[in-house]
Amino acid sequence: MHRSAEESSLVRSTSSGSNDSELIAAETVAAISTPAGEGAIALVRVSGPHAIPIADKIFRGKETPREFTSHVQHLGDIVNESGGLIDQVMMSIHLAPASYTGEDVIEISCHGGTLVTAKVLEACLRAGARAARPGEFTERAFLNGKMDLTQAEAVIDLIRARTDLALRSATEQLEGKLGEKIATIRSGLVDLLAHIEASIDFPEEGIAPDEGDKLRARLDSVREQITALLATADHGRILRDGIRVVIYGATNAGKSSLLNRFLGYERVIVSDTHGTTRDTIEETVNLRGVPVRLLDTAGLRTSKSDIEREGIARTEQSLQKADLRLHIVDRNAPPPGHFDQNANGNEILVLNKSDLPEHAEWKNNNAIRISCVTGEGLTDLENEVLSRVGKQNLRPENALAINLRHRDCLRRALEACDRARKAFDETRSPEYLSVDLKEALEAVGEVIGTVGVEQSLDSVFGQFCIGK
C-alpha cells in the first residue's frame, strides 16, 4: 500500500537544518530528463511527496498509479485536464526511499517528439508539480542522503566525460571512492579531536593526548593523506576541462593545417594568403584517452590591420594560459624573428613541411619534424604531447582526482593541520590543538557535504541540465 505524502517527504537535513531543505521536501517537481529534440522515446520525471497523486490525475490504464508495484512499467494514456488524449506511454513509480532522489518518483516514457513531450510535462505541471531547476533531482538525492556531495558532482562529470579516462574517474567518484578517502581523513581527525578534547574536559581523570611520536604520527598521517589528494588537482582539471594546447607561430607556417590533421577533417580554412586566421579557434580531441583542447591562433607578424592585430593580441593572451604550446615553424624557411631557442619546458618546437627541403639553419635542431600534407611525423608529435602530459601525472592508473571546490576545502584543512602540528611541536596547551583540528574537520566535512554546504549547492547543482 502506498505510504502517505508526509512519510514520503522526509529529507535528511544538513548540519544547519536549512529552510531550503524543508521547502524542497514540501514541493513536487517535474522535468523532461532527455535531451531536447526528436527521438524514439523521451522521459519525463516527477519527484516529491505528491508525485503519485499527480500520476493518478493524468494517467489512464488498467490500474491507477497508486496501485502500481514499485519499479514496474505500465502501459496507459496521458490525458489533459479535460480528459483528452495526449500520448500513449509507459509509466513506472519508484517509491521512497528506493528511488534516485529518495522521494516518490514517477517516470513517464512517452514518444520523443518535441511537442508531445512538452504536452506531457505541461500535464504534470497543471496537475500540481513545479518545473524543476537545473540539477534539482540530484540535489534532492544529496539532501535525502542517497549520495554525498562528491558523488553528486560525479554525476555531471559522468555526463560531460569525453574520454575513457575521464569516464572512469567520474565512475569511481560516483561509486564513492573519493568519499571513502575523505571519510578516512575525517575519521582520523575525529579520533584526534576526541582525544584532545577529553584531556581538556576531564583533566582530573588523567586523560592526556598521545605523547611523543605517537600523536605526531597520527597527525602526520592525516596531513599526508590530504597532501596526496591535493596532488591530484591538476589531474582533475585536465580530466574535466582538457589540457589546453595552443598552436602558434608565424603566418603560413601550417597552424590551421595541423589543427585539421588532429581533428581528422577540414575545420579551419587553409590558404596561402597571409593572415587568413584572425581569431582563436578552439576544438577538443581525444588523444589516446586524454582530452586535449587545441587552440589555433592568428599568425604572429607585424600587421597594419586592426582586426589582425586584435587576433595577434588574443594569440599572446592564449599563450599565457596554455598548459602546452606547439610552436609551428616552416622548416623550409630560416628561423622567424620571434623564434626563441631557449623556450621553456611547456613548449614543443614543431618543424612543418618536412615534404620540402629543410633550411640549413635547422640542421642540428632537435625539433619534431612533421608534414601536414603527408601526415609524416604526426605520431611522433602525439607521443611528445602525451609525454609532456604524463609529466603532470595524468596516467591511466590515476583515475581519481579532485576538483577546484575540493582543492579549496582540502587546502584549508591542510593549513589547519599544519598549525596543529606546530602547536604540538611547541608544546602549547590542548586548547590550541582543538581549535585547529576543529577547523580542519569542518573543511574536510565540506568536501562531502556534512557541514557548511548551503553556499555551495547552487554552484554545484547549477551546472546540471534540467531533469537530472
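Predicted model: local features only at pLDDT ≥ 70, side-chain atom pairs only at ≥ 80, totals over all residues.

Student: What makes β11 and β12 a pair of strands?

Tutor: A pair requires at least two bridges found by DSSP. Six bridges join β11 to β12 (residues 347-352), so the two strands count as paired. They run parallel.

Student: How do you know that β8 pairs with β11?

Tutor: Strand β8 (residues 243-249) is joined to β11 by five bridges, and at least two are needed, so this is a pair as well. These strands also run parallel. Within β11, Leu326 is the bridge partner of Ile247.

Student: Why is β11 called mostly covered?

Tutor: A residue is buried when its relative accessible area is under 20%. In β11 (residues 324-330), seven of seven residues are buried, therefore the strand is described as mostly covered.

Student: Which residues of β11 lie on each side?

Tutor: Leu324, Leu326, Ile328 and Asp330 are on one side, and Arg325, His327 and Val329 are on the other. Both faces are covered. In a regular strand the side chains alternate between the two faces of the sheet.

Student: Why is the lining of the largest cavity called nonpolar?

Tutor: The lining consists of Leu192, Ile196, Leu215, Leu219, Leu433 and Leu437. Leu and Ile both count as nonpolar, so the division is six nonpolar, no polar and no charged. The volume of this cavity is about 40 Å³.

Note on methods. Residues numbered from 1 in each chain as written. Heavy atoms only, no water. 1 Å grid on protein atoms, 1.4 Å probe; cavity = no way out; pocket = protein on both sides within 12 Å on 5 of 7 lines; lining within 4 Å. Points joined across faces, edges and corners; volume = space filled by probe spheres on them. Buried < 20%, exposed > 50% of the residue type's maximum accessible area, 1.4 Å probe, protein only. Helix = DSSP H or I, 4+ residues; strand = E, 2+ residues; numbered from the N terminus.
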